[in-house]
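User: Hi, can you walk me through this one? I'd like to start with a helix and then jump around a bit.

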Amino acid sequence: MRIYGDLTSGNCLKIKIVADRLGLAYEWVPVDAVKGESRTPAYLALFPAGQIPGVAFADGRRLAQSNAIIRYLARGSALLPDDAFAAATVDQWLFWEQYSHEPAVAVCRAEMKFRGVRREARDPARVARGEAALDLMERHLAGTGWFVGDDATIADVALFAYTQWADEGGFDLAARPAIRDWLDRCKVAFRIEPDAIATAAGR
Ligand SMILES: N[C@@H](CCC(=O)N[C@@H](CS)C(=O)NCC(=O)O)C(=O)O
């Protein structure tokens, strides 16, 4: 398969984490959304929503939306439980990540990192939403090691992606020890080489 994306994007990183963890073969096709490369006619012909990540399979089928992609790739693996209720609980966190976490934590990061917005100039409503999301994660993780069940799932992958960079969006994890411990567990479980990602992402 071909993965179209950019490693400065947590949404794209999710796909790389799952593919690497499961040993799936892929070609990484760099697409820089900040430079508008996800809005070219050629890219829109493949992925009409004009966003990264996108995945094209060998048989010609294509899939967009990071959490739909990782859910598809993880089917039948330990990253997505077979049990219907456990799988629905994973979905619960995937939808929550997209509605309540990513639009706040990732967007604050994008503004500060790519658009030069100062921490104090962030939208207060968005900041409050991000703080609330991180607080909910901290409360949840204080009582358990992983988001669902006793091991890492794609719920952890989805939430790891931007939480690891929360500081770049002006969020402070210092008073959130359960999140910090969980981030460390994720790095081990997903065999994340911090320097490799930092280098690939140009950080
Ligand atoms: N809900 C989508 C969000 C994708 C998204 O926002 N991608 C950003 C990069 S992280 C993008 O392509 N932005 C460029 C654009 O929308 O033109 C997902 O999870 O895949």
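This is a predicted model: local features need pLDDT of at least 70, side-chain atom pairs count only at pLDDT 80 or more; totals for chains, interfaces and linings use all residues.

User: Which residues of α3 are buried?

Analyst: They are S66, N67, I69, I70, R71 and L73. That makes 6 buried out of the 8 residues in α3, so the helix is mostly covered, given that a residue needs 20 or more other C-beta atoms within 10 Å to count as buried.

User: OK, what about the core? Which residues touch the most other members of the largest nonpolar core?

Analyst: V18, I70, I154, A155 and A158 do, in a core of 49 residues. At least two core residues come from each of β1, α1, α3, α4, α5, α6 and α7.

User: And which element gives the most?

Analyst: Helix α6, with 8 residues. As background, nonpolar side chains tend to be buried together in soluble globular proteins.

User: Switching to strands. What is the strand order in the sheet?

Analyst: The order is β2-β1-β3-β4. The sheet is open, has 4 strands and shows mixed pairing.

User: Which strands are at the edges?

Analyst: β2, residues 27-30, and β4, residues 62-64. Each of these pairs on one side only. On average, neighbouring strands in this sheet are turned by 20° against each other, with direction ignored.

User: How do β1 and β3 run, parallel or antiparallel?

Analyst: Antiparallel. R2 stands opposite A56 in β3.

User: Which helix lies across those two strands?

Analyst: Helix α1, residues 10-21. It runs at about 150° to β1.

User: Let's go back to R2. How far is H140 from R2?

Analyst: In space they are 35 Å apart, C-alpha to C-alpha. Along the sequence they are 138 residues apart. H140 lies in helix α5.

User: Why does H140 count as partly exposed?

Analyst: Because H140 has 16 C-beta neighbours inside 10 Å. Buried takes 20 or more, and exposed means 12 or fewer.

User: Now the ligand. Which residues come nearest?

Analyst: S9, N11, A33, Q51 and S66, out of 13 residues around the ligand. S66 is also one of the buried residues of α3.

User: How many of the shell residues are polar?

Analyst: 9 are polar. Another 3 are nonpolar, and 1 is charged.

User: What is the phi of Q65?

Analyst: Near 75°. That is a positive value in a residue other than glycine. Q65 is in the loop between β4 and α3. It counts as partly exposed because it has 18 C-beta neighbours inside 10 Å.

User: And R191, where does that lie?

Analyst: In the loop between α7 and α8. R191 has a positive phi too, near 50°, and is not glycine.

User: Is R191 buried or exposed?

Analyst: Exposed, because R191 has 10 other C-beta atoms within 10 Å. The limit for exposed is 12 or fewer.

User: Great, thanks!

Notes: Residues are numbered from 1 along each chain as its sequence is written. Two strands pair if DSSP finds at least two bridges between them. Axes are lines fitted to C-alpha atoms, for helices over the stretch in contact, and angles run from 0 to 180 degrees between N-to-C directions. Two residues are in contact if their C-beta atoms, placed from the backbone, lie within 7 Å. A residue is near a molecule or strand if its C-beta atom, placed from the backbone, lies within 6 Å of it. Ala, Val, Leu, Ile, Met, Phe, Trp, Tyr, Cys and Pro count as nonpolar, Asp, Glu, Lys and Arg as charged, and the others, Gly among them, as polar. A nonpolar core is a set of buried Ala, Val, Leu, Ile, Met, Phe, Trp, Tyr and Cys residues joined through C-beta atoms within 7 Å.
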